[in-house]
Amino acid sequence: MSQDKIKITTLGSLGWMPNQTSHTCCYCLEYNNILIIFDAGTGMSRFSEDFGEVVLKKYKKIILLLSHYHMDHICGLTYLTRFFQGKSLHIAGPGKHVYERTCLEILSELVTPPYFGRPIQDFPIDLHFHDLGRGNTTIAGLDIECILQEHSDP
């Protein structure tokens, strides 16, 4: 990996409440030909800035890793259709091994009417859903290792 280039950008790093100058959790990692986004807080809105437009032009394959489903980590999912048209977007979050439901089942409860205008599985973009559990998972050719952390859920 010493020859691979990695660039990480913080789009949001606050706790559960954004303010006028800072956003909730969202990090953007550029790795080879894949854009990896960690969490989908209000920082997702920063893809509308010059930085985001430049980054999104470079990548066709995007992996969005959700650490958990608290609203400050997923409210940015509402931006998906705006920013990821024409991209292959892989969304991965804790699934059956953690919650006894898949990532898609959980997100389908949260991103759906009446809370949002349309169900996430009906977004008009190329979406793929993956479950994360303890240990290794391969998503879009990238090996990801997860460790369960102590948090309020779980």
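This section describes the sheet, the helices packed on it and the nonpolar cores of a predicted model.

The model contains an open sheet of 6 strands, arranged in the order β1-β2-β3-β4-β5-β6 with mixed pairing. The edges of the sheet are formed by β1 (6-12) and β6 (126-132), each of which pairs on one side only. On average, neighbouring strands are turned by 20 degrees against each other when direction is ignored.

Helix α1 lies across β1, β2, β3 and β4 and runs at about 40 degrees to β2. Helix α5, by comparison, packs on the sheet through β5 and β6, and its direction makes about 95 degrees with that of β5.

The largest nonpolar core comprises 31 residues, within which Phe47, Leu80, Phe84 and Ile91 have the most contacts. Two or more residues are contributed to this core by each of β2 (26-31), β3 (34-38), α1 (50-58), β4 (61-65), α3 (80-83), β5 (88-94) and α5 (103-110). The greatest contribution comes from α5, with 3 residues. Beyond its neighbours within four places in sequence, Leu80 is in contact with Met44, Leu64, Leu89, Ile91, Ile120, Phe123 and Ile125.

Notes
Residues numbered from 1 in each chain as written. Predicted model: local features only at pLDDT ≥ 70, side-chain atom pairs only at ≥ 80, totals over all residues. Heavy atoms only, no water. Core = buried A, V, L, I, M, F, W, Y, C linked by side-chain atoms within 4.5 Å. Buried < 20%, exposed > 50% of the residue type's maximum accessible area, 1.4 Å probe, protein only. Helix = DSSP H or I, 4+ residues; strand = E, 2+ residues; numbered from the N terminus. Contact = heavy atoms within 4.5 Å. Pairing = 2+ DSSP bridges. Axes fitted to C-alpha atoms, helices over the stretch in contact; angles between N-to-C directions.
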